[in-house]
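This report covers a ligand site, a sheet and the helices around that sheet.

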Amino acid sequence: MRKLNELMNLSQKKSLIIGGAGYVGQAAAQALLELGAHVTLLDRDIEAAKTRANQLNQEYPNCVEAYECDLLDEQSTRQVLKDAISNLGGLDILIHTAAFIGLSQIEGWNVPFAKQQVPVWDDALRVNLTSAFIAAQEAQEALQASGNGRIVLMGSIYGMVGPDMSLYDNTPLGNPLAYGTSKGGLIQLMRYLASLFAPSIRVNLISPGGIERGQPDVFIERYKQRTPLNRMAIEEDVKGAIAYLASDLSAYVTGHNLVIDGGWTVW
Ligand SMILES: NC(=O)c1ccc[n+]([C@@H]2O[C@H](COP(=O)([O-])OP(=O)(O)OC[C@H]3O[C@@H](n4cnc5c(N)ncnc54)[C@H](O)[C@@H]3O)[C@@H](O)[C@H]2O)c1
């Protein structure tokens with residue numbers, strides 16, 4: 001039987017993180033690097049991705065690259081994925097964390113339901129959900145060639161349950177319908193791919209609860225009171241889940257939704 005440190009060893013493994021400049025993407029990059037993997041960050045915000053790659057390369061020399069990728073553009077997304085996988089010389093681990101999130105400052109996004117409009121809905125579905133479909137198509141061959149490919153998608157509690165809109169009263173925050181809809185879709189996309197890609201590629205999803213990141217105090221307080229573990233999530237909470245699902249610690253796990261929500265969905 002292998003030891004735990006052998007099961008979680010990712011040395012020589014090649015990974016791609018879509019949305020790698022984001023907060024959760026950075027936690028994922030840190031987790032994969034600590035376990036020995038090579039990491040490529042893909043993000044529309046190339047300046048943030050390059051800055052992050054430079055910082056990480058100081059700690060893990062020549063282990064991190066960054067590519068610009070706008071997931072709203074199908075053709076360029078396919079080309080960037082092809083280029084990144086070709087430059088990596090293969091692929092073992094694909095992580096998808098890119099999304100329009102609740103805190104995203106996008107016109108027409110964080111508005112009341114009656115004002116939510118189709119163009120923003122379409123863009124959110126494209127970034128949060130459709131791009132995972134495109135990435136799975138582009139990565140399939142390389143992940144199969146790896147012999148031990150893994151895909152980890154990033155869902156949310158709002159892919160599983162509806163929002164309590166009273167949490168947002170008198171705050172600038174919101175919870176657009178397209179967000180939860182895209183995350184619910186990701187759960188089914190994950191199950192479909194887990195079935196289709198077995199046994200050569202494992203496909204799983206993480207459903208985090210809300211992450212504390214400068215929200216108004218009143219919102220944080222309401223959120224804590226609604227959560228059995230009495231706090232919001234922090235990025236570090238996602239790190240262990242990435243390490244688990246990206247490594248052989250979860251070698252017999254596929255099609256799983258790993259919920260990291262402090263107990264939010266048990267009530
Ligand atoms: N923040 C939370 O409270 C929370 C809770 C549950 C789940 N999640 C999920 O975690 C994941 C990461 O969230 P985060 O908090 O790190 O958010 P974030 O905004 O820091 O990261 C999202 C990243 O996606 C990128 N992105 C957005 N549109 C893009 C596009 N068109 N093309 C390419 N990249 C694009 C952004 O540039 C950003 O770097 C998301 O899937 C989110 O739904 C977040």
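## Ligand site

Of the 25 residues around the ligand, Val-24, Asp-43, Tyr-179, Lys-183 and Ile-211 come nearest. A residue counts as near a molecule or strand if one of its heavy atoms lies within 4 Å of it. The model is predicted: local features need pLDDT of at least 70, side-chain atom pairs count only at pLDDT 80 or more, and totals for chains, interfaces and linings use all residues. Residues are numbered from 1 along each chain as its sequence is written, and side-chain values use heavy atoms, with hydrogens and water left out.

Which residues place polar side-chain atoms by the ligand? Lys-183 has one 2.7 Å from a ligand oxygen. Asp-70 has one 3.0 Å from a ligand nitrogen. Val-24 uses its backbone instead: a polar atom there is 2.7 Å from an oxygen of the ligand. A polar contact is a pair of N or O atoms within 3.5 Å; within protein, one must be able to donate a hydrogen and the other to accept it, and residues adjacent in sequence count only if both atoms are side-chain atoms.

## The sheet

The open sheet has 7 strands, in the order E3-E2-E1-E4-E5-E6-E7, with parallel pairing. Strand E3 (64-68) and strand E7 (257-260) stand at the edges with a single partner strand each, so one side of each has no neighbour in the sheet. Neighbouring strands are turned by 15° against each other on average, direction ignored. Strands (E, at least two residues) and helices (H or I, at least four) are DSSP runs, numbered from the N terminus. Two strands pair if DSSP finds at least two bridges between them.

Strand E1 (residues 14-18) pairs with strand E2 (residues 38-43) in the parallel sense over 5 bridges. Lys-14 has His-38 as its bridge partner in E2. Buried means under 20% relative accessible area, exposed over 50%, and partly exposed in between (1.4 Å probe, protein chains only).

## Helices on the sheet

Return to the pairing of E1 and E2, which runs over 5 bridges. Helix H4 (residues 74-88) packs on the sheet and touches E1, E2 and E3. Its direction makes about 155° with that of E1. Helix H6 (residues 177-197) also packs on the sheet, touching strand E5 (149-154), strand E6 (201-208) and E7. The direction of H6 makes about 160° with that of E6. Contact means heavy atoms within 4.5 Å. Axes are lines fitted to C-alpha atoms, for helices over the stretch in contact, and angles run from 0 to 180 degrees between N-to-C directions.

Thr-181 lies in H6. It is partly exposed, at 32% relative accessible area. A polar atom of its side chain is 2.7 Å from the backbone oxygen of Leu-177. Gly-185 is also found in H6 and is partly exposed at 24%.

## Helix H7

Which residues of H7 (residues 217-225) are buried? They are Phe-219, Ile-220 and Tyr-223. These cover an arc of only 100° around the axis, which puts them on the same side of H7. The arc is that of the directions from the helix axis to the C-beta atoms. Asp-217 and Gln-225, on the other side, are exposed.
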